[in-house]
Amino acid sequence: MPNSSPRPVAQILIILFFLASLAATGIAWWTTAKAEENRLRENFFLDSNAAHRWLADRLLNYSYLFGSIRAFVENSETVTRVEWQDYSQRAQITNLYPGLRSIVYAPRVKRRELTKFVNQVKKANSDEPAYADYSLKLIDPDFPENQTKTDFFPVLYTEGANRTERLTALGYDVSSEKERASAVFTARDSDAFAATPPIRFVIQPINNGFGIILPIYQKGLPKDTLADLRQAFSGIIYAPFDINQFFDAILKPNGQDAFPNLDLEVYDFQSEDYLYDKDQSISLLRDNNRYAITAKQTLSFANRRWEIYTGLPKEAVANPYRSATSLTILISGLIASLATFFYLQKQLQPRKKNTSSSSHPTNMV
């Protein structure tokens with residue numbers, strides 16, 4: 001009598017094979033998704049590091065510019081307006097250094113010499129109508145130190161793209177406002193660059209900016225001690241930057257976003273002030289859940305420390321575990337496993353024998 005049920009051992013082997021194929025499909029899906037996730041992370045960190053490097057390189061380029069201008073001023077017995085204009089034009093400040101609103105020379109003027117200084121400036125620049133009403137102006141009239149300080153740093157020469165804007169700045173004392181004054185005296189006492197935290201401009205105050213200050217010293221005097229530096233200190237080079245123009249010129253050259261899948265925000269560490277946000281959402285610190293990956297780096301320049309936050313928005317990338325590639329592997333593996341399982345199950349079914357022969361006896365003649 002034939003056995004009509006599948007053999008138990010074969011049935012167990014088929015089930016084990018089916019479970020193994022399911023496991024292999026799951027592993028292949030997970031491995032593919034994980035590899036894609038790792039690729040996204042790698043590309044994200046490559047972009048983050050590139051953006052950080054571009055910012056650092058641009059600041060270094062600006063430091064070379066200011067250093068060359070400082071050498072020009074310190075090696076000149078006197079600097080005239082025409083010489084300042086010629087040098088600025090040769091340096092191509094407005095063309096090569098986007099974000100830089102102007103480059104300013106402000107000499108150190110003692111309180112007792114203010115009237116004499118103003119008269120000399122008007123006389124020396126009588127050919128330029130903008131100097132006809134030259135006078136000392138205060139950025140912040142309520143800044144307490146303005147009443148007692150002995151040194152002022154009025155804008156004497158300024159070059160930049162916007163002529164009207166820069167000529168309006170003539171006479172403003174760079175040290176007549178708290179943040180700028182702090183940077184002036186930090187630069188003086190360190191013989192090095194000093195940068196301000198985020199500031200409001202006097203002209204077009206709706207724009208945020210920051211300033212970089214480089215000290216100028218009288219040639220030939222010693223600079224070995226703090227007292228020497230303060231004695232030899234003769235003025236400053238001041239460079240105000242428009243924050244958005246500065247960062248956009250680096251990260252969005254020619255108006256094209258160099259890192260379209262990367263959000264980037266910059267904060268001034270000391271003041272805890274927001275500096276820049278590439279997508280204007282200010283969400284990396286406020287809504288971190290929007291991002292698949294985030295990172296934080298620091299950039300030190302002059303006396304400031306900038307914290308650079310970068311993030312990969314979730315909407316900018318597909319979930320690697322639901323991507324077309326990983327889902328194709330998962331679905332095709334499941335279909336193949338099920339098809340194989342049912343095929344093997346069918347092979348174990350007993351085959352029916354042919355019973356078509358007659359059971360009646362044949363008549364004999």
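Modeller: Before we start, axes here are lines fitted to C-alpha atoms, for helices over the stretch in contact, and angles run from 0 to 180 degrees between N-to-C directions. Helices (H or I, at least four residues) and strands (E, at least two) are DSSP runs, numbered from the N terminus. This is a predicted model, where local features need pLDDT of at least 70, side-chain atom pairs count only at pLDDT 80 or more, and totals for chains, interfaces and linings use all residues. Residues are numbered from 1 along each chain as its sequence is written, and side-chain values use heavy atoms, with hydrogens and water left out.

Biologist: Great! At what angle do the axes of H1 and H9 cross?

Modeller: Roughly 175°, and the axes of H1 and helix H9 (residues 324-347) come within 8 Å. That makes H1 roughly antiparallel to H9, a label for angles over 145 degrees.

Biologist: And which classes of residue are in that contact of H1 with H9?

Modeller: There are 15 nonpolar, 10 polar and no charged residues. Ala, Val, Leu, Ile, Met, Phe, Trp, Tyr, Cys and Pro count as nonpolar, Asp, Glu, Lys and Arg as charged, and the others, Gly among them, as polar.

Biologist: Still on H1, is Ser48 buried or exposed?

Modeller: Ser48, which is found in helix H1, is buried, with a relative accessible area of 1%. Buried means under 20% relative accessible area, exposed over 50%, partly exposed in between (1.4 Å probe, protein chains only).

Biologist: What is Ser48 in contact with?

Modeller: Leaving aside neighbours within four places in sequence, Ser48 is in contact (heavy atoms within 4.5 Å) with Leu262, Gln297 and Thr310.

Biologist: Switching to H8, which residues are buried there?

Modeller: In helix H8 (residues 243-251), they are Ile243, Phe246, Phe247, Ile250 and Leu251. They sit on the same side of H8, because they cover an arc of only 110° around the axis. The arc is taken from the directions from the helix axis to the C-beta atoms.

Biologist: What covers those buried residues of H8?

Modeller: The cover includes helix H1 (8-74), strand E9 (208-217) and strand E14 (304-313), among others.

Biologist: Nice. And which residue caps the N-terminal end of H8?

Modeller: Asp242, with a side-chain oxygen 3.2 Å from the backbone nitrogen of Asn244.

Biologist: Last one: where is Asn254, and is that residue buried or exposed?

Modeller: Asn254 lies in the loop between H8 and E11 and counts as exposed, at 80% relative accessibility. Phi of Asn254 is near 55°, a positive value in a residue other than glycine.

Technical notes. Polar contact = N/O pair within 3.5 Å; in protein donor to acceptor, adjacent residues only side chain to side chain. Parallel < 35°, antiparallel > 145°, perpendicular 65-115°, else oblique.
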